[in-house]
Each structure stands twice: as structure tokens, then as C-alpha cells.
Amino acid sequence: MTATPGHLLAEARALLPDIVAVRRSLHRLPELGLQLPHTQQAVLAALDGLGLTVTTGERLSSVTAVLEGDRPGPTVLLRADMDALPQQEDTGLDFASEVPGAMHACGHDLHTAMLVGAVRLLAARRAELAGRVLFMFQPAEESDGGAQYMIEEGLLDTPDGAGIAAAFALHVTTRFESGTVHLRPGPTFAASDQIHLTVRGRSGHASAPHVSLDPIPVACEIVQALQTLTTRTVDIFDPAVITVASIHSGTTTNIIPETAELHGTFRTLTPQTRRRVREGIDRVARHVAAAHGATVEVNLIEGYPPVVNDETVAATVRDTAADLLGADLVHRLPQPFMGAEDFSYVLRRVPGTMAFLGARRPGDPAENAPDCHSNRVVFDEPALATGAALHAAVALRCLAAR
């Protein structure tokens, strides 16, 4: 079967009803975290009969599937994340979530369905493959770093010991017109680390703050000082974002509390700025607290590293997408996205690329269409065919180039 870009895209579009059915099944029954039993079974059922070597995770509900080509060669990894988010859906879709407090609000149901479609396209082309394709269906991107769990369980260990030659993943977004592809070499997603601060003062009556030590204004001053930290000590061309997302203190109106808790994140693109901001948060919090006679407990938890796209693989993906879709639908991202993605754990060990796939419905306003992590986000399902075809085309191009 010929693997020209036109044939791949046409076949993916013919498969679209089946791909949509997989997506909607997953969307109705979203699951959170490391354990996704329904999702895992749906993926296993979709892969059944395609001649793959399939394994499942030990500590998580992952699925790993290997398609062996008819000729020897390297291994290319294609990845989809499968978990949902803990929020109530408010889209009004007739296939909306049936699970209270859970929703596929980041498009992982689309990612999984697209990769299932790519498996079918590539399984029909086994004779053209000089090597193997490793399909990575991953839980817990949103929470526990499921990619790292899968790596620890041997995801990247190949039978020939040569490792993975290239890795590729897609992320849908309504920021861009449906069916368009957006990518860049170098840093593409940020590292994301957690901030947990507990300011400790001295409790007392609200009528006599002078004999207490109120932690709330100290906490507020720390928040302001952290914003100055980013604007006055961080290079604007190597950016950082500090967000204090929640503050908790007190129980009623007439008691000065003992403590005030601050929780948030800081996001960076390079190791040097990550280290500089980490040291700065600790220093600012401690010294502001000390200036008021308070103390502070600082707990900074390291999260996902940045996603850094390999220049060679990014160029391959760009050229493949242009051949598949037309150059006018492929765009270079002008700057990184400061969200985080645990595909970064794969890219620390394998040259690879993550790209964005536009999935904004025609007619939705470009400037304010609900996007990932919104309880109202709705994606354009025809983009699923584009994503499935692009996954398959990238694998074929990477293997052909070896």
C-alpha cells in the first residue's frame, strides 16, 4: 500500500468515524491519574487484531504497543496521554462526561484516538517499515508524571539495545485553526515547579494586632515581592513566570491567625533561570518574613523539566507536515508556551519533538474560544484525521531517513 501523503490523509479521513467513536467513548468516561482502567481497556480493544506486541504497566494503566516492520531498522516512538482533569464539564455536548467532577478538558481523549488511528494506518504498511514503531499510551500527564513511570518500567529499552531514534507527540489546542500544525525547535514547554510557603506569626485578637504578629500582611508582601523578583532579576529573553494561585489563612473575623499558607508555581525554560528563581523565592520569602519578625517555611517541589524539541526532528516534522497538509498550514511557533508537559522526560533521553495541532471549530472566535483546561472547551473532531495521518507520516519519514 503506497504511503504517499495524499494516500495517508485520505485513509485517515476514511477512518475518521471510527476515530471519533474512540474519542467519544473516552470522553464520556474520563479517568484521573495513574489508574485508568476503562481507558486502558478501550485502547487494548482498539489495538486488538493489528499484529502488535502489547504490554501494560505495572504501577499505572499504561499501554505500550510495538509494530515490527518487515525489515530491520531503528525505533520511532509516538506518544499519546490518556488522563483527564478534575473539573465539571459544562460543554452541553451530547457525549459529555458522565463522571461527576471529571472531564477531558485538555484533549487527551483526542490524543489517544489519533494515535489509535495512526496505529491502524501504520499496521497496514508493515511491509514499508524498516524498523519498528513504539506506541506510548500514557496515564497521569496532568498529575503524577506518568511518562517517568513508564520510562522506569522500561519504555525506552529496545530489543537491539540501540535505543529510540526519534520521538513525536501532538497536543491539540483551540488557539489555532483546525488542521494546522505549529512547532518550533528548542524550548517549547516550560519547567513547572511548585511553591508552598507557610508564614508563621502569632495568633491573637483582631482588636489588638500590636500584641500579635499577623501573618496575612506578611504573606501579601511576599506575593508582591515575588513579582518584583521576576521583573527585576530575570532576563526577559529567558523568562520566568511566578504565580501564587491560592492563599489560605484564618477561620473567622475576629481572630488574627497563627499562619498563612501560599501555594503556586514557577515556570522557566532553562536550567540557569530555574535555579536563579528557586534561590530567589527562598531568599525573598525568608527576608520579607524576617523583616516583620515572622518566620516562613519554604517548600519548593521540583516538577516537570522543560520540553526541548530536537532541531533535526523538528525539521523532519515540519517538512512532513508540509508535504502532508501543504506548507500554508504549517507554522513556526514564535515563542515557547509556559505550560508544562511530562513528554519532557522522554525528550531528555530521546531526540524528539512535540507539536501543536489546531482544533478550533470553524466559526468559533479566534480571540476567546475556550481552550485546554476550560470546562467549556470543545474541539473540532475533523482534526483527528489530520493528527492520525501526521503521526503515521512522521514515523514513516523518520524510518525512511535511517
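Student: What is the volume of the largest pocket?

Tutor: The volume comes to about 960 Å³. This is a predicted model, where local features need pLDDT of at least 70, side-chain atom pairs count only at pLDDT 80 or more, and totals for chains, interfaces and linings use all residues. Residues are numbered from 1 along each chain as its sequence is written, and side-chain values use heavy atoms, with hydrogens and water left out.

Student: What makes an open set of points a pocket, and what is a volume here?

Tutor: On a 1 Å grid over the protein atoms alone, a pocket is an open set with protein on both sides within 12 Å along at least five of seven lines, while a cavity is a set of points where a 1.4 Å probe fits but cannot get out. Grid points are joined across faces, edges and corners, and the volume is the space filled by probe spheres set on the points.

Student: Which residues lie nearest the centre of the largest pocket?

Tutor: S192, R267, G339, A340 and E341, out of 40 lining residues; a lining residue has an atom within 4 Å of a point. Strand 5 (166-177), strand 8 (191-200) and strand 12 (259-268) each supply at least two of the lining residues, and strand 5 gives the most, with 5. Those strands are DSSP runs (E, at least two residues; helices are H or I, at least four), numbered from the N terminus.

Student: Why is T273 called buried?

Tutor: Buried means under 20% relative accessible area, exposed over 50%, and partly exposed in between (1.4 Å probe, protein chains only). T273 has 6% relative accessibility, so the word is buried. T273 sits in helix 6 (residues 271-291) and touches V234, D238, P239, A240 and T268, leaving aside residues up to four places away in sequence; contact means heavy atoms within 4.5 Å.

Student: Is A140 buried or exposed?

Tutor: Its relative accessible area is 0%, so A140 is buried. A140 also has a positive phi of about 60° although it is not a glycine.

Student: Why is H373 called partly exposed?

Tutor: The relative accessible area of H373 is 42%, so it falls in the in-between class. H373 is another residue other than glycine with a positive phi, near 80°.

Student: Why is the pair of Y304 and Y345 called edge-to-face?

Tutor: Rings of Phe, Tyr and Trp (its six-membered ring) pair if their centres lie within 6.5 Å, and planes under 30 degrees apart count as stacked, over 60 as edge-to-face and the rest as tilted. The count by this rule is 5 aromatic pairs. For Y304 and Y345 the centres are 5.8 Å apart and the planes at 75°, so they pass as edge-to-face. Both Y304 and Y345 are buried.

Student: What makes F337 and F356 an edge-to-face pair?

Tutor: Their ring centres are 6.0 Å apart and their planes at 85°, so that pair is edge-to-face too. F337 is partly exposed at 29%, whereas F356 is buried at 8%. F337 and F356 also belong to one aromatic cluster with F176 and F189.
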